[in-house]
Protein chains: 2
Amino acid sequence: MRERMPPGALTTVGIGDDAAVVVAPSGSVVAAVDMVIEGRHFHRYWSSGHDVGVKAAARSLADIAAMGAVNTALLVALAAPGTLPVSWAKELAAGLAAEAGRAGAGVVGGDTASADVLMLSVTALGDLGGRRPVLRSGACPGDVIAVAGALGRSAAGLALLAAGITEHAALAAAHLRPQPPYDAGPEAARLGATAMIDVSDGLLADLGHVADASGVHVNLGSGAFEPEEALIEAAASASRADAKRAAAQALNWMLTGGEDHALVASFPAATQLPDRWHVIGEVREGAGVTVDDVVHEGPAGWQHFFPPGE
Amino acid sequence: MRERMPPGALTTVGIGDDAAVVVAPSGSVVAAVDMVIEGRHFHRYWSSGHDVGVKAAARSLADIAAMGAVNTALLVALAAPGTLPVSWAKELAAGLAAEAGRAGAGVVGGDTASADVLMLSVTALGDLGGRRPVLRSGACPGDVIAVAGALGRSAAGLALLAAGITEHAALAAAHLRPQPPYDAGPEAARLGATAMIDVSDGLLADLGHVADASGVHVNLGSGAFEPEEALIEAAASASRADAKRAAAQALNWMLTGGEDHALVASFPAATQLPDRWHVIGEVREGAGVTVDDVVHEGPAGWQHFFPPGE
C-alpha cells in the first residue's frame with residue numbers, strides 16, 4: 001500500500017523505517033487518534049473501500065483542524081480478515097491517500113495485522129503555525145457561535161441508504177465520504193476563535209461539550225438554520241412525511257446529525273467572519289445548550305450504529 | 001481511564017479535547033503506530049490486563065527509541081467487546097501508564113469503541129533532541145554491530161508458558177512484559193550509530209532489514225553469544241533436551257526470538273561503547289546476514305501466533 005500514499009511536504013522519514021519523522025515547524029505537534037470498525041462505523045454493503053478510506057481519514061483529520069492546526073501527517077493501523085479482497089484494500093488505500101492529500105497531509109506510517117474484524121485506527125498529526133490551540137474550554141459569554149461546513153447531510157444520507165432510496169445521491173455521498181472544511185480550522189484560529197470543535201456526534205451534542213468545558217450556556221436561533229431543499233426532500237422520501245414534518249426532520253438532522261465534521265466555533269461578537277462562517281447562536285452565562293431558549297426535543301446525539309430496517 | 005494516565009512533561013493539551021498538543025523541542029516529531037490483537041499478539045489466559053498494557057506500549061515506544069529519539073507521548077485506541085471486565089480494563093490502563101512512564105512519555109489521547117475483538121493500536125511520539133534520526137539504511141562496511149538489551153528471553157518465556165512450566169518466572173515475565181532499554185536509543189545516536197532497529201521479529205530477521213536497507217552484509221560471531229544459564233535450563237525443560245541440544249536451542253532463541261525489543265545498531269569501528277552495548281558482529285560489503293560466515297539454519301523470524309500445545 002506504500003506507493004499509493006502521499007509523502008507529505010513536511011515528511012523527513014516516511015513509511016519503511018521503525019518510525020516516521022515529520023517536521024513540526026512551530027515546535028509543537030497536534031495529535032489525535034480515531035477508529036472506524038466494520039458494523040459500527042461503516043458497512044461494506046454500502047461503503048466501497050474508497051469510501052471507508054476517506055471516512056477513516058476525515059474523522060482524524062477533522063480533529064486536528066478543530067484545534068486550529070494544519071494537518072501534516074497520518075499513521076494508519078489496519079486490522080483485516082484474510083478474506084478481504086485485495087481490490088478492496090487497494091481502494092481503501094486510495095481513499096486514505098485522497099483524503100490525506102485533500103487535507104495536505106502525508107501518510108507516513110502504519111501497521112497491518114490480520115483479525116476477525118475489519119478496523120482502522122488513524123492517527124493524525126498537525127502543526128499550529130505558532131498559534132495557540134483552540135480548545136473547547138475558551139467560549140465566553142457574549143461570543144457568537146458560527147459554523148463552517150455542512151450540517152445534517154450525513155444523517156440525511158444515512159436515512160436514504162437505510163430506506164433504499166437512490167435519489168439525492170449527493171447526500172448519500174456525504175454520509176459515505178464526509179468532506180470536512182479542514183482549512184476553516186486554522187482560519188478560525190487566525191480570526192480569534194475562543195473555542196472550537198468538529199461536529200462528529202451532532203451539533204447540539206458537540207456544542208454541549210463546548211458548553212460544559214467552557215462553563216457557559218449556548219443558545220442557538222432556529223431562524224439561522226435553513227435546510228437546503230434536498231434535505232427536506234430526503235426527509236419527505238425517507239420518512240414518508242408531509243411537508244411540515246419533513247421540514248422539521250431536516251432541521252432535526254442539522255441539529256443532531258453527526259459525522260459531517262463541520263467546524264463550529266465561538267468568536268468575539270465583533271469578529272468579521274468570512275462568508276463560509278454562518279452565525280447560528282450566542283454564548284451566555286449559564287449551562288447547557290438551547291434552541292430558541294428551550295432544550296431541543298429529540299435525540300441529542302448520533303447513533304453510530306443503525307441496522308438497516310430499524 | 002484518563003486519570004490513570006501520566007500527563008507527560010512535554011504535554012501542553014492532554015486527554016479530553018479534539019486533539020492533544022505535545023511540545024516538539026527540536027522542531028520535528030518522530031511517530032510510529034503498532035497494534036496488538038487478542039489471539040495473535042497475546043492471550044488473556046496467559047496475560048493480565050497489566051501485561052497487555054505494558055506489551056502494547058513497549059512495542060511502539062521501542063520503535064521511537066530505535067530512531068535515536070526520546071519518547072514524549074502515546075495515543076491509545078482500544079477496541080473491546082462489551083464483555084470485557086472493568087477490572088481488566090483498569091489493569092490495562094495501569095500497564096499502559098506504567099510503561100509510558102518508564103519511557104518518560106505521557107498518555108495524551110485515545111479512542112475507545114466496542115468490537116468483537118480485543119485490540120489496541122498505540123501511536124508513540126518522540127523527539128530527536130536535534131540529532132539526525134538513526135535509520136536502517138546507514139550501516140557501512142567496517143562498522144561493528146552491537147546490541148543493548150535482552151535477547152531470547154521472550155521466546156524462552158513463551159516456550160515455558162506453552163509447555164505449562166512455571167519455573168523461570170522471570171523469562172515468562174520477559175515474554176508477557178517486555179522491557180526495552182529505551183534510553184539506549186538516544187545513547188546510540190549520540191555515540192554516532194550509523195543504523196539501528198529494535199528486535200521485534202528476531203535478531204537475524206531484523207538485521208536482515210538493516211542489511212537490505214543499507215545494501216551491506218552483516219556477519220555475526222557466535223562466540224559473542226553466551227546464553228545465560230536460565231535460558232539453557234528453560235530450553236532443557238521446555239524441549240526435554242540434553243545439555244548440548246539445550247545450549248543450541250538457547251542460542252537459537254537469542255538469534256531468532258522476537259519481542260524482546262532489544263536495540264541493535266551499527267557503529268564506526270573505533271566507537272567507544274558503554275558496557276551495555278555488546279559487540280556481536282561486523283558489517284561487510286555484500287548482502288544478507290550470516291553467523292560465523294554461514295546462513296543460520298532454522299526459522300529466521302518470529303511466529304507471532306503460537307497456539308499452545310503445538
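Start by colouring the two chains separately: 52 residues of chain A are in contact with 52 residues of chain B, where contact means heavy atoms within 4.5 Å. Bear in mind that this is a predicted model, in which local features need pLDDT of at least 70, side-chain atom pairs count only at pLDDT 80 or more, and totals for chains, interfaces and linings use all residues. Residues are numbered from 1 along each chain as its sequence is written, chains are lettered from A in the order in which they are written, and side-chain values use heavy atoms, with hydrogens and water left out.

**Stop 1: the interface.** Show both surfaces. About 3700 Å² is buried between chain A and chain B, and carbon and sulfur atoms give 63% of that; buried area is the accessible area (1.4 Å probe) that two parts lose on being put together, summed over both.

Now look for charges. There are four salt bridges between chain A and chain B (a side-chain nitrogen of Lys or Arg within 4 Å of a carboxyl oxygen of Asp or Glu). Select Asp17(B) and Arg136(A) to see a salt bridge at 3.8 Å, N to O.

Which strand of chain A gives the largest share of the side that touches chain B? Select strand 3 of chain A: it supplies nine residues, the largest share. Strand 3 covers 28-37; strands here are DSSP runs (E, at least two residues), numbered from the N terminus.

Stop 2: Pick out Val29(A), whose bridge partner is Val22(B), then Val30(A), whose partner is Val21(B).

Val21(B) is also the bridge partner of Val13(B). To follow that link, select residues 11-13 of chain B, strand 1, which two bridges join to strand 2 of chain B, again antiparallel. Strands 1 and 2 of chain B form a hairpin with six residues between them. In the turn, click Gly16(B), which has a positive phi of about 125 degrees.

**Stop 3: aromatic rings.** The whole structure has four aromatic pairs over all chains (Phe, Tyr or Trp rings, the six-membered one for Trp, with centres within 6.5 Å; planes under 30 degrees apart are stacked, over 60 edge-to-face, the rest tilted). Select Phe267(A) and Trp277(A): their ring centres are 5.2 Å apart and their planes at 80 degrees, so this pair is edge-to-face. Phe267(A) lies in strand 10 of chain A and Trp277(A) in the loop between strand 10 and strand 11, so the pair ties together parts ten residues apart in sequence.

Conventions:
Helices (H or I, at least four residues) and strands (E, at least two) are DSSP runs, numbered from the N terminus. Two strands pair if DSSP finds at least two bridges between them.
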